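Please keep the sequence and the coordinates at hand while reading.

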Amino acid sequence: MGFITGHRRSPTAKFFVGEGKLDEIKAAKEATEADLVVFNHPLSPSQERNLEQALCCRVIARTGLILDIFAQRARTHEGKLQVELAQLQHMSTRLIRGWTHLERQKGGIGLRGPGETQLETDRRLLRARIRSIESRLDKVRAQRAQSRRARERAEVPLVSVVGYTNAGKSTLFNQITASEVYAADQLFATLDPTLRRLDIDQFGPLVLADTVGFISHLPHALVDAFKATLEETQNADLLLHVIDAAAEHRDTLIAEVESVLAEIGASEVPQLRIYNKIDLLEQAPRLMRDERGQPQAVYLSARENQGLDLLEQALRELLQSGIFEGDIELAPAQGKLRAALFDMGAVTAEAFTDTGCSVLSIRLPEKEWQRLQHQH
């Protein structure tokens, strides 16, 4: 394996790199007996083809490498559909690479003229497959929208876990929800969004979403293909931005995540920063606040289960607004309202008066309390 860097005002149209740099790459490839050359830049289909002819090996750009990794990581049916869509969209401009007989025409009895080239046939089939996958993903989006409306009616907040890939999002998610989402020290271990209910003491339930990891210069094809997944970030009430506190270029990675959030339309969603992996820095857990006293950042270690109580405290404070909490007295004739409050999990304690009335200590969203009062 070898790494070659270079500086150039603008890429060349034929090879992206200059003739001298191409010779340097070829020499390194032969010295290491490499079978693959990866460019950390987008390449046009013709540049990929020209580089493969010059280097006599497979050449892929950054987007192709990410797609290959995604294809290995996808586990659910939805995740596989999203990856296939991104691959097909990427492939649609590169079909010519696989065909050396483009002049060959399809002909036969009953066909007029030269017929349809093999390339045209493949493009037509590719477009049909893309439309089929997009249709199926539209159904996924519709199901997510229905679930989201149900959460909104119940006033259950959605908290989305975001961050640069390999920052420890899934490990944190597993710790606080007692789940077994796949977590590993590798890029894009999570591709499929996972939602879990989490009950916070003195607050109530919320829905926590584990999402795909971000990366710098996220290819647009991936953003488009993963819209169904990214909706959990766009529509969240709060973002938990998980940061690898021990990363060498931490500030750069934070800026990259902020850039992706802006690109997908989630930059205005309130955010709590989670500085993870503090055990690698031998730091103690702590909660940082802004000038208004609001929680701004939590320093913790998900792997070592350190500081999770501070995260719960921060969640409670940030999501507290709009909550009705108090004692109410219900007459025996108000049994339906009492049952509705119990069904919602809003009752924290109950006592009875000498007259048979029920005294409930309740805690629920203000809007939901007003709705119940109007109905009953």
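**From the surface to the sheet**

Leu36 lies in strand 1, which spans residues 36-39; helices (H or I, at least four residues) and strands (E, at least two) are DSSP runs, numbered from the N terminus. The model is a predicted one, in which local features need pLDDT of at least 70 and side-chain atom pairs count only at pLDDT 80 or more, whereas totals for chains, interfaces and linings use all residues. Residues are numbered from 1 along each chain as its sequence is written, and side-chain values use heavy atoms, with hydrogens and water left out.

With a relative accessible area of 39%, Leu36 is partly exposed; buried means under 20% relative accessible area, exposed over 50%, and partly exposed in between (1.4 Å probe, protein chains only). Together with Val38 and Leu65, Leu36 makes a nonpolar surface patch of about 210 Å². Patches are made of residues with over 30% relative accessible area and no salt bridge, where like charges are joined within 9 Å and nonpolar side chains (Val, Leu, Ile, Met, Phe, Trp, Tyr) within 5 Å. A salt bridge is a side-chain nitrogen of Lys or Arg within 4 Å of a carboxyl oxygen of Asp or Glu.

The protein as a whole has 12 helices and 12 strands. Of its 376 residues, 45% count as buried. The accessible surface comes to about 20,700 Å², and 48% of this belongs to carbon and sulfur atoms; accessible areas come from the Shrake-Rupley method with a 1.4 Å probe, and for residues only the protein chains shown count as cover. Among the contacts (heavy atoms within 4.5 Å) with a separation of 6 or more, 63% are between residues 24 or more positions apart.

Seven strands form an open sheet with mixed pairing, in the order 4-5-3-6-7-9-8; two strands pair if DSSP finds at least two bridges between them. Strand 4 (194-200) and strand 8 (286-289) stand at the edges with a single partner strand each, so one side of each has no neighbour in the sheet. On average, neighbouring strands of this sheet are turned by 25 degrees against each other, direction ignored.

Within this sheet, how many residues of strand 3 are buried? The count is 6 of the 6, so strand 3 is largely enclosed by the rest of the structure. Leu158, Ser160 and Val162 point one way from strand 3, while Val159, Val161 and Gly163 point the other way, all of them buried. Strand 3 runs parallel to strand 5, to which 4 bridges join it, and the bridge partner of Val161 in strand 5 is Asp210. Strand 3 also pairs with strand 6 in the parallel sense, over 5 bridges; here Val162 has His241 of strand 6 as its bridge partner. Strand 6 (residues 238-244) in turn is joined by 6 bridges to strand 7 (residues 271-276), and these two run parallel. In that pairing, Ile243 has Tyr275 of strand 7 as its bridge partner.

Two helices that lie across the sheet strands come next. Helix 6 (residues 169-177) lies across strands 3, 4, 5, 6 and 7, running at about 155 degrees to strand 5; axes are lines fitted to C-alpha atoms, for helices over the stretch in contact, and angles run from 0 to 180 degrees between N-to-C directions. Because 7 of its 9 residues are buried, helix 6 is largely enclosed by the rest of the structure. Those buried residues are Lys169, Ser170, Leu172, Phe173, Asn174, Ile176 and Thr177, and they pack against strands 3, 4, 5, 6 and 7 and against helix 10 (308-318). Helix 6 is followed by Ala178, whose phi is positive, near 55 degrees. Helix 9 (residues 250-263) lies across strand 3, strand 6 and strand 7, at about 150 degrees to strand 6.

Further residues with positive phi are found elsewhere. Phe16, although not a glycine, has a positive phi of about 70 degrees. Phe16 lies in the segment before helix 1 (19-32) and, at 17% relative accessibility, counts as buried. Asn305, in the loop between strand 9 (295-299) and helix 10, has a phi near 60 degrees; its relative accessible area of 48% makes Asn305 partly exposed.
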